[in-house]
Amino acid sequence: MENMLYAEELVREFLVFRGFTNTLQAFDSELSTDVGKGFQVDKIVDLIFAVYVPTFQAEKLVGLLSFFKHCLSSSSERLYIDTLSRLEVSILRYYVVYAVQSGRKDKVIEFYGMHGNDLLQRGQDWTPWFAIPYVKNPSSDPEFRTYFSREWFEALHLSVRNFFSAIFNGTHILSE
């Protein structure tokens, strides 16, 4: 983390020294939208659960998860990649559940329109989920009931936090 901050300062110094003010502005703008959020666990968890899901930013959510999968793909730790893949399925299902609970079935349909083929090819049994916008009361349907519970959400939230804590604090995968 300190190395990243030091590198940012070096880049900033170089751009100022060379008089690249437009490039400096672009650099600062890019940093403000930093998808990795400096690899700070709380910021990433908030980005997922307090920004992307509640504001129905499915593209950014999928992009963030893809970014971390890409970062981990260079790792020899297959366990991390498998864990992130399982968490990704749950996060995307939470997105769908949140949209349904918010009365935004249009966002579910839009999400499936953009990512449906990819979801079906992954093999985590997404097929029943394509019916959720048309189920009268999915929170009481045996297929989906668990995903609408507060306990499931809290377990997911904790699992995501623990996963990113392990990645950022327990290894050097993303900080090298």
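Predicted model: local features only at pLDDT ≥ 70, side-chain atom pairs only at ≥ 80, totals over all residues.
Biologist: Let's start with the overall fold. What makes up the secondary structure of the chain?

Modeller: The chain has seven helices and zero strands, so along the sequence the pattern reads α-α-α-α-α-α-α. Of its 176 residues, 38% are buried. Among contacts with a separation of 6 or more, 60% are between residues 24 or more positions apart.

Biologist: Why is the pair of Tyr-80 and Phe-163 called edge-to-face?

Modeller: Two values decide that. The ring centres are 6.4 Å apart, and a pair needs centres within 6.5 Å. The planes meet at 70°, and over 60 degrees counts as edge-to-face. Both tests are passed, so the pair is edge-to-face.

Biologist: Which parts of the chain does that pair link?

Modeller: Distant ones: Tyr-80 lies in helix H5 (residues 78-101) and Phe-163 in helix H7 (residues 150-170), 83 residues apart.

Biologist: And how do you know whether Tyr-80 and Phe-163 are buried or exposed?

Modeller: The cut-off for buried is under 20% relative accessible area. Tyr-80 has 16%, so Tyr-80 counts as buried. Phe-163 has 7%, so Phe-163 is buried too.

Biologist: Where do other aromatic rings come together?

Modeller: The whole structure holds 17 aromatic pairs. One of them joins Phe-67 and Phe-68, edge-to-face at 5.1 Å centre to centre with 70° between the planes. Ring pairs also link Phe-49, Phe-56, Tyr-94, Tyr-95, Tyr-98, Phe-111, Tyr-112, Phe-130 and Phe-153 into a cluster.

Biologist: Why is Phe-67 called partly exposed, while Phe-68 is called buried?

Modeller: Phe-67 has a relative accessible area of 25%, which falls between the 20% and 50% limits, so Phe-67 is partly exposed. Phe-68 has 1%, which is under 20%, so Phe-68 counts as buried.

Biologist: What makes you say that Arg-93 sits over a ring?

Modeller: The charged end of Arg-93 is 4.7 Å from the centre of the Trp-126 ring, and the distance limit is within 6 Å. The direction has to be within 35 degrees of the ring normal as well. Arg-104 is placed over the ring of Phe-56, with its charged end 5.4 Å from the centre.

Biologist: How do you know that the length of H5 agrees with what a helix should span?

Modeller: H5 has 24 residues, and at 1.5 Å a residue they should span 34 Å; the end C-alpha atoms are 35 Å apart, so the two values agree. H5 is also mostly covered, with 17 of its 24 residues buried. After H5 comes Gly-103, with a positive phi near 75°.

Biologist: What is centred on His-115 in H6?

Modeller: A kink of about 70°. His-115 belongs to helix H6 (residues 105-122).

Biologist: Why is His-115 called buried, and which side chain does it join in a polar contact?

Modeller: His-115 has 12% relative accessibility, under the 20% cut-off, so His-115 counts as buried. A polar contact of 2.6 Å joins its side chain to that of Glu-59, and the limit is within 3.5 Å. Leaving out residues up to four places away in sequence, His-115 touches Glu-59 and Val-62.

Biologist: What do the buried residues of H6 pack against?

Modeller: They pack against helix H4 (58-73) and H5. Among them are Lys-107, Phe-111, His-115 and Leu-119. An α-helix has 3.6 residues a turn, so residues three or four places apart point the same way. Just after H6, Gly-123 takes a positive phi of about 85°.

Note on methods:
Residues numbered from 1 in each chain as written. Heavy atoms only, no water. Phe/Tyr/Trp six-rings, centres within 6.5 Å; stacked < 30°, edge-to-face > 60°. Buried < 20%, exposed > 50% of the residue type's maximum accessible area, 1.4 Å probe, protein only. Helix = DSSP H or I, 4+ residues; strand = E, 2+ residues; numbered from the N terminus. Expected span 1.5 Å × (residues − 1). Polar contact = N/O pair within 3.5 Å; in protein donor to acceptor, adjacent residues only side chain to side chain. Contact = heavy atoms within 4.5 Å. Bend = angle between axes of the 7 residues up to and from the residue.
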